[in-house]
Amino acid sequence: MATHPFHPWSGRRVRVCRSVRRGGGLVFVCTAGDGMTVTLLQAWTDRGPAPGENRLAADGLGALSALVNALMSRCGERGGGGPP
């Protein structure tokens with residue numbers, strides 16, 4: 001199934017005709033049964049990583065921001081002359 005949210009075939013079940021290694025990744029040449037074919041990155045299908053996998057969630061970004069702020073503050077306290 002095509003899963004990329006902006007792909008015109010998103011949500012459609014497709015048949016994988018063949019897979020090809022391209023640019024260090026895997027792509028699928030697919031058909032949806034209407035005679036049209038399309039090449040989809042593996043990551044744009046349900047055979048790719050689960051949604052959200054390898055992505056930062058909002059709480060992770062908040063924690064990262066707090067860490068960066070704490071480190072910046074420590075640099076300032078020590079007179080390290082960190083970034084402005």
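1. A word on terms before we start: a helix here is a DSSP run of H or I with at least four residues, and helices and strands are numbered from the N terminus. By that rule, methionine 72 sits in helix H1, which covers residues 58-77. Please keep in mind that this is a predicted model.

2. Methionine 72 has a relative accessible area of 35%, so the residue counts as partly exposed.

3. Met72 also belongs to a nonpolar patch on the surface, together with Leu61, Leu64, Leu67, Val68 and Leu71. The accessible area of the patch comes to about 510 Å².

4. Turning to the sheet, three strands make up an open, antiparallel arrangement in the order S1-S2-S3. Strand S1 (15-22) and strand S3 (37-41) are the edge strands, each pairing on one side only. From one strand to the next, the twist averages 25 degrees.

5. Strand S2 (residues 25-31) pairs with S3 over five bridges, in the antiparallel sense. Phenylalanine 28 has leucine 40, in S3, as its bridge partner.

6. Where is threonine 45? Threonine 45 lies in the loop between S3 and H1. Its relative accessible area is 5%, so threonine 45 is buried. Leaving aside neighbours within four places in sequence, threonine 45 is in contact with Met1, Ala2 and Thr3, and also with Phe28 and Leu40. Those last two, Phe28 and Leu40, are the bridge partners from point 5.

Notes:
Residues numbered from 1 in each chain as written. Predicted model: local features only at pLDDT ≥ 70, side-chain atom pairs only at ≥ 80, totals over all residues. Heavy atoms only, no water. Patch = residues over 30% accessible without salt bridge, like charges linked within 9 Å, V, L, I, M, F, W, Y side chains within 5 Å. Areas by Shrake-Rupley, 256 points an atom, 1.4 Å probe, with all protein chains shown as cover. Salt bridge = Lys/Arg side-chain N within 4 Å of Asp/Glu carboxyl O. Buried < 20%, exposed > 50% of the residue type's maximum accessible area, 1.4 Å probe, protein only. Pairing = 2+ DSSP bridges. Axes fitted to C-alpha atoms, helices over the stretch in contact; angles between N-to-C directions. Contact = heavy atoms within 4.5 Å.
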